[in-house]
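I opened this structure in the viewer and kept some notes as I went. Here they are, in the order I looked things up.

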Amino acid sequence: MIIGIDVGGTNVRIGSVGRACSLQDPCEVVSSKRFCMADHPIEEFGNIILKYIKKHEISKVDAISIGVPATVKTDFRTIYVAPNLKNAEGKPIFDHKNLAAELEERFQCSVYINKDVNNLLYYDVYKNQMDGIVAGCYIGTGIGSAVIIDGNLLYGKNGVAMDMGHVSLFRDNENCSCGKRGCAETRGSGKALMKMWENYYSEYSINEIFTIYGQEKRIRQFISDCAHIPAIMAATFNPKYMVCGGGVIEMQDFPRRFFEEEILRQTTPAVASFPPTFFYSEKQEERGVIGAAYFAEMMRKNSNKNKK
């Protein structure tokens, strides 16, 4: 049995996953503040795991696999920094932290750490049996991106490849959470949409913004800004599939056709002539949990191969 965990800036989702990456016990959702604001965050994070194990009477845990909104070293144990997981003082609770080591000592099983968007793409590729080159762009609070090439995820030399949301695209004074200015996600992300809604459209629920205002120039420009990173990814990798997901894209009446048109308009003419198949990730609570478990299975299989 693998305990899969999907950590977000707002909530943590946890579930138990058995053979063939099937969910065994229901996913549960816990506020991220529960451990972020605790005096001892990692100890409290472990308490969340322990409570789930006890509640569902799980007798044997083979591994714990965690997706985090952060860059992770290629040891798949150490978090560089998670800027959206902060304590009461506003400081990141995971900063060059080997989270796996502390949890392994407590639970006496293997622990794997991966970037959350990597696990999401693993889930979508596994569930839908995609092959070849698959590019994934998940637009939620920020922009998450990942690429799988013939079954192998692109991590880069130090594990920080594809942090595309923090590529500087705009020459303006818009500050980004990463400390830079003009990053892609300052205009094409959930944070940017929330700011736009507060300034111009707050008389209606933000969930209705595309339904009511989808044809307005300001909203169309926002969609065009969201298309920048997928367009760059399409030009760079010429993928067979382009997976699109995340809270913004999953919103009611998000203009998918216009979004695709903008991606193809902004990418290279050659790629636009042979466009990828667009695939939209399903809105399912358990996908990050199952994706984490799938990643753990891959890590365990590779470890066994290396032992032979």
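I began with phenylalanine 210. Leaving out residues up to four places away in sequence, phenylalanine 210 touches Leu193, Ile219, Phe222, Ile223, Val248, Met251, Gln252, Asp253, Phe254 and Pro255; contact here means heavy atoms within 4.5 Å. This is a predicted model, in which local features need pLDDT of at least 70 and side-chain atom pairs count only at pLDDT 80 or more, while totals for chains, interfaces and linings use all residues. I also noted that residues are numbered from 1 along each chain as its sequence is written, and that side-chain values use heavy atoms, with hydrogens and water left out.

Where does phenylalanine 210 sit? I found it in helix α6 (residues 209–213); helices (H or I, at least four residues) and strands (E, at least two) are DSSP runs, numbered from the N terminus. Its relative accessibility is 4%, so phenylalanine 210 counts as buried (buried is under 20% relative accessible area, exposed over 50%, partly exposed in between, with a 1.4 Å probe and protein chains only).

Next I looked up the cores. A nonpolar core is a set of buried Ala, Val, Leu, Ile, Met, Phe, Trp, Tyr and Cys residues joined through side-chain atoms within 4.5 Å. The largest one has 39 residues, and Ile209, Phe210, Phe222, Met233 and Phe259 have the most contacts inside it. Another core lies apart from that one, with 33 residues, including Ile58 and Cys109.

I followed phenylalanine 222 from there. Not counting residues up to four places away in sequence, its contacts include Arg187, Ser189, Phe210 and Val248.

That took me to serine 189. Serine 189 is in the loop between β11 (152–153) and α5 (190–201). Is serine 189 buried or exposed? It counts as buried, because its relative accessibility is 0%. A polar atom of its side chain lies 2.5 Å from the backbone oxygen of glutamate 185. Beyond its neighbours within four places in sequence, serine 189 is in contact with residues including Gly140, Thr141, Phe222 and Cys226.

Then I turned to the rings. How many aromatic pairs does the structure hold? I have 13; rings of Phe, Tyr and Trp (its six-membered ring) pair if their centres lie within 6.5 Å, and planes under 30 degrees apart count as stacked, over 60 as edge-to-face and the rest as tilted. Phenylalanine 35 and phenylalanine 45 are edge-to-face, because their planes stand at 75 degrees, with the centres 5.1 Å apart. Phenylalanine 35 is in helix α1 (residues 33–36) and phenylalanine 45 in helix α2 (residues 41–55), 10 residues apart. Both are buried.

Phenylalanine 76 and phenylalanine 295 are also edge-to-face, at 5.2 Å centre to centre and 65 degrees between the planes. This pair links distant parts of the chain, 219 residues apart. Phe76 and Phe295 belong to one aromatic cluster with Tyr122, Tyr126, Tyr155 and Tyr294.

I checked charges over rings too: NZ of Lys or CZ of Arg must be within 6 Å of the ring centre and within 35 degrees of the ring normal. Arginine 187 lies over the face of phenylalanine 170, 4.1 Å from the ring centre. Arginine 218 has its charged end over the ring of tyrosine 200, 3.6 Å from its centre.

Last, the whole chain. I have 11 helices and 13 strands for it. Of its 308 residues, 51% count as buried.

Conventions: A polar contact is a pair of N or O atoms within 3.5 Å; within protein, one must be able to donate a hydrogen and the other to accept it, and residues adjacent in sequence count only if both atoms are side-chain atoms.
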